[in-house]
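Subject: Structure for you to look at

Hello,

Here is the structure I promised. Please open it and keep it beside you while you read.

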Amino acid sequence: MRTRKVVRKMMSGPSGAASRVADILRESRKTMVLTGAGVSTESGIPDYRSKGTGLWEKYDPMEKASLQALLSNPAEFYRFNLPRWCDYAAAQPNITHRALYQLERKGYIHGIITQNIDGLHRKAGSQRVWEVHGHLRTCRCLDCAASYPFTELITQFNRGTNPPRCPQCNGLLRPDVVLFGDPMGDDYYRAREEMHGCEVLMVVGSSLQVYPVADLPRLARRLVIINKEPTPWDPKAEVVAYKEAGSFFHNLLEALGIEGQ
Ligand code: NAD
Ligand code: ZN
């Protein structure tokens, strides 16, 4: 394995971020990817913190998508969140999701830890995905814990039943997403285990501001960050590319000689 000094020297070459990352992926014995809302903006889903377009520039997350909001005013919680979650569920994978699928298939990455709830990594074909903030495939009853497809929420909401109720016990239904104020779910703890022995963590499209996920870079020996805007981890990263994820991954696949984007 090469020393950090040698890698830094390679970085100063004329080849650009994508080919530097290609070299790092070729060398690495275990690479994990951590994705955030920025990988899905090119599928038409706004992120939270981008300057100008981020959702949280207009709304307070604690107010709108928290456990507290669900419990104190469930009808308003669903009025605000359900339409945008339906948009997430209808979105299609973009070049970044497809490229990450190719990287898994070709053995360059071990798996993807995602903060996204949109399911687009799975839709693109990725197999080893840990959805640490949950997903939009199911929902459950807060009283009897019965589980239902996510469409149960949509069907009830569309016919005017707001908040949606458990068909078995009439308890309040909640989505299987990790809300502000919720404990982390199983996938988070599995993801931490998968980080064991991780040589390279490649962060894509995350502001790295939401904890505890923002702490995961600590578990990797080497760090690569692809994000349009600076993150608090940039000073620790070996490569930082302030780029659109789509164009970066186009170049990365080219640098690795992978076709079929
Ligand atoms: P974030 O909004 O805090 O940060 C997104 C980052 O991505 C920003 O720094 C932005 O500059 C960057 N970015 C935006 N478009 C990009 C692109 N095309 N290429 C490269 N970088 C790009 O998002 P986060 O770090 O994931 O954390 C916030 C929370 O947002 C997470 O908990 C996640 O569950 C939730 N969220 C998810 C979705 C989704 O499922 N698609 C959408 C919005 C928010
Ligand atoms: Zn119930």
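Below is what was found in it, starting with the chain and moving to the ligand.

This is a predicted model: local features need pLDDT of at least 70, side-chain atom pairs count only at pLDDT 80 or more, and totals for chains, interfaces and linings use all residues. Residues are numbered from 1 along each chain as its sequence is written, chains are lettered from A and ligands numbered from 1 in the order written, and side-chain values use heavy atoms, without hydrogens and water.

The domains: the chain splits into domain 1 (1–45 + 93–133 + 183–261) and domain 2 (49–90 + 134–177). These bounds come from an automatic or database domain assignment. The contact between them (heavy atoms within 4.5 Å) takes 13 residues from domain 1 and twelve residues from domain 2. Their C-alpha centres lie 29 Å apart.

The ligand: 29 residues surround ligand 1, each with a heavy atom within 4 Å of it. The closest are Arg49, Gln115, Asp118, His133 and Ser207. Domain 1 and domain 2 each supply at least three residues of this shell.

Now the polar contacts (pairs of N or O atoms within 3.5 Å). A polar side-chain atom of Asp118 is 2.7 Å from a nitrogen atom of ligand 1. A polar backbone atom of Tyr48 is 2.7 Å from an oxygen atom of the ligand. For Glu229, a side-chain N or O atom lies 3.2 Å from a ligand oxygen atom. Taken alone, ligand 1 exposes 860 Å² (Shrake-Rupley method, 1.4 Å probe), and the protein buries 98% of that.

Best wishes

Key: Polar contact = N/O pair within 3.5 Å; in protein donor to acceptor, adjacent residues only side chain to side chain.
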